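Colleague: I'm new to this one, could you walk me through it? I'll just ask things as they come to mind.

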Amino acid sequence: MWYARDTSKKIRSVFKAKGMSGKHLTGFVAYGYLWDEKREHWLVDDEAAEVVRRIFAMTLEGYGPYQIATRLCQEKIEIPSVHLARYGEGVNRSKTVKDPYGWGASTVVNILKRREYLGHTVNFKTRKHFKDKKSHYVDESEWTIFENTHPAIIDQETFDNVQRIRGNVRRYPDGWGEAAPLTGLLYCADCGGKMYVHRTHNGKRVHQYTCGQYGREPVGTRCPSQHRISESVVLDLISGMLRAIADFAKADRAAFIREVQEAQASQQDSDIKKKKRRLSAAQKRAGELERLVCKIYEDNALGRLPDARYAALDAQYAKEQEELAAEISELEKAVASYDQGWKSAEKFIALIDKYQGFEALTNTMLNEFVEKILVHERDRKGSQDTTQAVEVYFNFVGKYIPPAFRDVELTPEEQEALRKKEELRDKRHQAYLRRKVSGWQQAYEERTRPGKKAKIDAQKAAIRQEDMEQGVFSYVADLPRQEPKKASMQVRPTL
């Protein structure tokens with residue numbers, strides 16, 4: 001017994017020493033790489049590496065793991081286990097595979113999360129827990145990462161953008177397989193909630209975004225209004241701002257860098273201090289919970305704490321630990337992005353130089369340039385001709401407004417024209433309020449409602465018919481019927 005115990009300690013010691021030296025702890029290679037002849041270093045597998053790059057690129061285009069997996073299945077691309085088995089690698093090389101092209105969303109997600117594609121070796125992702133003696137994944141902050149140990153397949157900027165996109169909830173693409181370009185980027189400026197796309201409105205194909213918190217029951221309590229905004233308006237704004245930034249950066253690079261650095265300093269002061277304080281408090285509480293879990297486990301083992309009470313406390317602490325771990329991870333990423341100088345004007349300029357023009361924005365370009373967009377409510381609701389504030393936060397530089405988009409001083413003639421315009425709006429609004437008080441407005445709406453509804457219903461029916469003809473939409477009643485399968489029951493004989 002002593003010999004077995006000493007051997008176990010020796011194995012653990014050798015295992016830890018190997019991991020701390022930067023070598024791969026297991027003999028398994030990640031999809032996209034192959035071992036060299038001595039099985040000491042990873043070499044890029046060009047065929048699989050191209051699939052990995054494509055998965056990251058499709059994520060930047062706005063597609064989710066399920067859509068990526070479906071596309072790979074359709075194109076008959078071998079799943080990682082089958083591909084590795086052809087080279088005698090992987091844990092499934094001797095197993096029978098039901099579908100060699102059966103990509104799953106979880107496989108895609110695992111590829112998107114692997115830091116090994118940056119060229120790093122990541123060790124000690126798991127640790128045995130004292131309760132069940134099984135290995136459990138630990139938080140990323142506890143990983144041991146050795147950088148640049150093998151050739152990279154994905155660059156750091158692409159990896160960071162993909163992780164940010166994955167952190168945002170994104171809607172599935174529409175029936176034509178097109179992902180909404182702004183989903184996951186737009187946020188309500190008042191409540192901070194995500195904004196979601198609506199592809200039709202009042203019988204028209206108009207892509208608009210509204211605040212997701214407004215529509216939750218009871219409507220209007222979590223957010224006072226929809227903050228509705230047209231997709232085309234936002235895309236035109238971003239395209240114009242990027243063109244203006246590109247022109248300014250090329251004309252006077254030094255002035256652009258100086259302005260960005262000043263803007264970053266003013267944004268970071270208040271925001272990052274709050275995040276650091278909350279991170280410190282969350283980490284302190286996480287440490288307290290770990291000690292409490294050990295204490296109640298010991299008390300239960302010694303008979304000082306009943307099993308029922310231990311189970312309740314263990315579940316309560318486990319839930320709080322899970323919530324804290326997620327919050328700490330997000331806060332650490334935010335703090336690291338500031339402390340490590342992740343946002344820099346030079347990187348943003350390099351990204352601008354990468355593209356020739358910004359007349360047509362692709363989903364990939366949006367996700368590379370834009371961090372988030374805050375949408376305020378319109379200055380005058382119900383008016384088609386009004387202003388609406390939109391704050392654009394760019395990757396690397398944060399909230400930055402190019403000189404061409406800043407407020408300019410109006411001439412006396414322009415001020416007078418603006419005053420008359422606002423005066424006319426006020427008169428029309430007051431007239432509308434008088435009509436509501438007198439009951440005339442309600443009577444008019446009731447009189448015209450049937451005609452408007454019939455017109456909108458006809459437009460909706462036409463849109464639905466177009467979708468049915470293109471195979472996007474179909475009624476459940478029209479699907480081919482199948483006979484229900486009868487379940488077979490096996491009766492076990494009684495002894």
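Modeller: Helix α3 (residues 65–74) packs against helix α5 (residues 105–113) at an angle of about 110°, and their axes are 8 Å apart. Axes here are lines fitted to C-alpha atoms, for helices over the stretch in contact, with angles running from 0 to 180 degrees between N-to-C directions. This is a predicted model: local features need pLDDT of at least 70, side-chain atom pairs count only at pLDDT 80 or more, and totals for chains, interfaces and linings use all residues. Residues are numbered from 1 along each chain as its sequence is written, and side-chain values use heavy atoms, with hydrogens and water left out.

Colleague: Why are α3 and α5 called roughly perpendicular to each other?

Modeller: Angles of 65 to 115 degrees count as roughly perpendicular, under 35 as roughly parallel, over 145 as roughly antiparallel, and the rest as oblique. The angle of α3 and α5 is about 110°, and they are therefore roughly perpendicular to each other.

Colleague: Which residues of α3 and α5 make the contact?

Modeller: From α3 there are Pro65, Tyr66, Ile68 and Ala69, and from α5 there are Ala105, Val108 and Val109. Contact means heavy atoms within 4.5 Å. By class, that contact has 7 nonpolar residues, no polar and no charged ones. For the classes, Ala, Val, Leu, Ile, Met, Phe, Trp, Tyr, Cys and Pro count as nonpolar, Asp, Glu, Lys and Arg as charged, and the others, Gly among them, as polar.

Colleague: And α7 with α10, at what angle do their axes cross?

Modeller: At roughly 110°, with the axes of α7 (residues 231–251) and α10 (residues 345–354) coming within 10 Å. That makes α7 roughly perpendicular to α10. On the α7 side the contact is made by Leu242, Ile245, Ala246, Ala249 and Lys250, and on the α10 side by Phe348, Ile349, Ile352 and Asp353. These divide into 7 nonpolar, no polar and 2 charged residues.

Colleague: Is that crossing of α7 and α10 left-handed or right-handed?

Modeller: Left-handed. A crossing gets that name if the near helix is turned anticlockwise from the far one by less than a right angle, and it is right-handed if clockwise.

Colleague: Switching topic, how many helices and strands does the protein chain have?

Modeller: There are 13 helices and 13 strands. Both are DSSP runs numbered from the N terminus, helices being H or I of at least four residues and strands E of at least two.

Colleague: What is the strand order in the open sheet of 4 strands?

Modeller: The order is β7-β11-β12-β13, with mixed pairing. Two strands pair if DSSP finds at least two bridges between them. β7 (186–188) and β13 stand at the edges, each with a single partner strand, so one side of each is left without a neighbour in the sheet.

Colleague: Which pairing is parallel, and which is antiparallel?

Modeller: β7 and β11 pair in the parallel sense over 3 bridges, and Leu186 has Ile373 in β11 as its bridge partner. Strand β11 (residues 370–378) pairs with β12 in the antiparallel sense over 6 bridges. Along that pair, Val370 stands opposite Phe394 in β12, and Val375 stands opposite Val390. β12 and β13 are antiparallel too, over 2 bridges, with Tyr393 opposite Lys399 in β13.

Colleague: How many residues lie between β12 and β13 in their hairpin?

Modeller: There are 3, and Phe396 in that turn has a positive phi of about 80°. Most residues other than glycine have a negative phi, and most peptide bonds are trans. At 3% relative accessibility, Phe396 counts as buried. Buried means under 20% relative accessible area, exposed over 50%, and partly exposed in between (1.4 Å probe, protein chains only).

Colleague: What about His227, where does it lie?

Modeller: His227 is in the loop between β9 and β10. Its phi is near 60°, a positive value in a residue other than glycine. His227 counts as buried, at 0% relative accessibility.

Colleague: Which sheet order includes β9 and β10?

Modeller: The open sheet of 3 strands, ordered β8-β9-β10 with antiparallel pairing. Its edge strands are β8 (195–198) and β10 (229–230), each pairing on one side only. β8 and β9 (residues 208–211) pair over 4 bridges, and His198 has Gln208 in β9 as its bridge partner.
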